[in-house]
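Here are a few exercises to work through with the model open in your viewer. Try each task before reading its solution.

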Amino acid sequence: MSKLELQNLTKAYSRDIVPVKKLSLAVEDNEFLTLVGPSGCGKSTILRLIAGLDQPTEGRVIIGDRDVSPLPPGDRNIAMVFQSYALYPHMTVRDNIASGLKMRNLPAGDIQKRVQEASGVLGLDPLLDRKPAKLSGGQRQRVALARALVRNPDVFLLDEPLSNLDALLREQVRADLKQIFADQKSPIVYVTHDQTEAMTLSTKVAVLSNGHLQQLGHPNEIYKTPANRFVASFIGSPQMNLIPLSRVGNDVALGDFRVPLPSGSTAKSVILGIRPEHLRLPREGDACTVSGDVFLVENLGMSDLVSLRVQGDPSLTLRALLPADATWSKENLRLALPPELIHWFDGDTEQRLNA
Amino acid sequence: MTRDYIRERQQRTGWLLVTPALLLLLLVYAFPILRAFWLSFFTENLSTSLEPVFSGLDNYGRMAQDGRFWQSMRNTAVFTVFTLIFELLLGLIIALSLDQAFRGRGWVRTIAILPWALPTALIALAWRWIFNTEFGVWNDLLLRLQIISNPVNWLGTPDWAMVAVIGADVWKTTSFVAILLLAGLQSISQDLYEAHAIDGASPWQSFRQITLPLIAPQIVIAMLFRFAQAFGIFDLIQVMTGGGPGGATEMVSIYIYAAVMRYLDFGYGAALVTVTFLVLIAVVGITWLYLSRLRAKTE
């Protein structure tokens, strides 16, 4: 049983530079938490605070029922995979993997057994006697993973482990990672700026911006009900259409068209959000539709990303993902906005309005 | 197989470009070395009216019996070993300090290299004054601190004179070693130390298992440079002690200088040069072998 808990964690370098602000969250056994956010949102700093590489200004890090805040990194029984992999260049793959075990004075037989196990899982057996310089990027990545797995730590920390791989390899290693960590019981904290990694790997996602936690939840929850405008714009690709609009009675005016507001809303100005994949060609009985002229078509292979200017207000544009085999006209294309898939945010607070 | 015209052309251009440099090297290095080697088989001194007379291996036989030669070799070895040890230790400590982040580090780094950049002869003169019996700062300091009760003639006492020249050389060239090692330290990624700390390493373990192995190439290069320079040390000794007192600080180079310039014993001087040269080449060669093996190991 090892639960990771962050209580009120704050890191301030100076009065104005505060990368982590009063963060509290918990990661249980078997949970895979991803910290996701743009560069500079504080996600790597959080990882360093958990690891003990940086000292928090305030707050506590608790692993199991132990407050590890005052402990040095080596006494926290964590394992970390670095973005650069941080392999020891003068040691063989075998020694790299065994380093943490040797430091803890495990019997040589145990070390050998665990190194064999980890290298077997990751397919490193033929590489054990090589130096890191003689490995490809993907192989180095696997050595770094093996070094973490072999430790059997209370918490796994991974700092953008896939960002130095090329696109094809990244997808493959992402799938491998999911399988490898499915067998691990300890909590995992994974840092990335790539929302696809966050969505595919995690059981829990923490979206961060500017040192603040924006939303914490299951990937589906984050995708389906983003808590605010930032989360809505950050998660999902292509990006959600987000259009600030003023209220007209119980509706908003979208160019020449009216879209009804959710009942009970009192906000004066609102932001309408709809994902490109949720806009579609109208069917019989669609109440809420807009039309406009197409000015850009981007072919994504399995679908077309279509940009159009809304009739009545050319400054309003919408992007829609339409099936590649569908036929539609470039002029006056009509699209349906399914009301249940529209996200409403308050224009001032940017918080979500509908449930 | 087809001819690789591009490669052939590049090789032709390459040879064309290095030929002038090679010729120059042959002229200023190879020729004097071979000439000295040739001359070492002749007796050419005042007894032969400075005419070269072939005498086979006589010069080398004489060297084997020459107590002053062995004394100078011993002095050189002592000087080389001690300066190397101290310069390496102090250089490493300075490099590790300069590798830390602190305010004004850029300035300190610049100042640290200064002693090495100053001309040796001037520094030697300064140290001679520092160790002067009546007017020297060193005696004054020790007297004030009541460590000694009477002025000591440092450069006039055999053992102290050796300590003094070693001290002066260490003061002057430690910064060179420090800068070389600092370059090595800065090439080590901070991530490695952090990964090692998470692995459970103490700072001392990190120093031994990460820092030392990764700056080993810089250590060997620094030692190689310093060995070659210490083994042929001339200016510092010549100015500070002139090899005295009574030959206590006479290095091989000083002895060679005396044999040739003072005793006009050209043949014998050439034999001394040849032997010294071979010793130097042997040590450098062995180090080079070790270094290339070390490289093969880390790659």
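**Exercise 1. Work out the strand order of the open sheet of 4 strands in chain A, and find its edge strands.**

Solution. Keep in mind that this is a predicted model.

- Step 1: Going across the open sheet in chain A, you meet the strands in the order 2-1-4-5, and the pairing is antiparallel.
- Step 2: Look for strands that pair on one side only; in chain A these are strand 2 (20-27) and strand 5 (66-67), so they're the edges by the pairing rule, which asks for at least two bridges between two strands.
- Step 3: Zoom in on one end. Strand 4 (residues 58-63) of chain A pairs with strand 5 of chain A through 2 bridges, in the antiparallel sense.

**Exercise 2. Decide whether A:G211 is buried or exposed, and say what it touches.**

Solution. 

- Step 1: Locate the residue: A:G211 lies in the loop between strand 9 (204-209) and strand 10 (212-217) of chain A.
- Step 2: Count neighbours. A:G211 has 22 other C-beta atoms within 10 Å, and the cut-off for buried is 20 or more, so A:G211 is buried.
- Step 3: List the contacts, skipping residues up to four places away in sequence: A:V18, A:P19, A:V20, A:K21 and A:G42.
- Step 4: As a distance check, A:V191 is 20 residues from A:G211 along the chain, and their C-alpha atoms are 14 Å apart.

**Exercise 3. Describe the side of chain B that touches chain A.**

Solution. 

- Step 1: Start with the totals: 15 residues of chain B contact 20 residues of chain A.
- Step 2: Assign elements. Helix 9 (190-198) and helix 10 (203-231) of chain B each give two or more residues to this side, and helix 9 gives the most, with 6 residues.
- Step 3: Sort the chain B side by class, and you get 8 nonpolar, 3 polar and 4 charged residues.

**Exercise 4. Characterise how helix 3 (residues 67-99) and helix 12 (residues 252-262) of chain B cross.**

Solution. 

- Step 1: Get the geometry: the two axes come within 8 Å and cross at roughly 145°.
- Step 2: Pick out the contact residues. Helix 3 of chain B brings B:R68, B:F69, B:S72, B:M73 and B:T76, while helix 12 of chain B brings B:V252, B:I254 and B:Y255.
- Step 3: Classify them: 5 nonpolar, 2 polar and 1 charged.

Methods: Residues numbered from 1 in each chain as written. Chains lettered and ligands numbered in written order. Predicted model: local features only at pLDDT ≥ 70, side-chain atom pairs only at ≥ 80, totals over all residues. Contact = placed C-beta atoms within 7 Å. Nonpolar A, V, L, I, M, F, W, Y, C, P; charged D, E, K, R; others polar. Buried ≥ 20, exposed ≤ 12 C-beta atoms within 10 Å, placed from the backbone. Axes fitted to C-alpha atoms, helices over the stretch in contact; angles between N-to-C directions.
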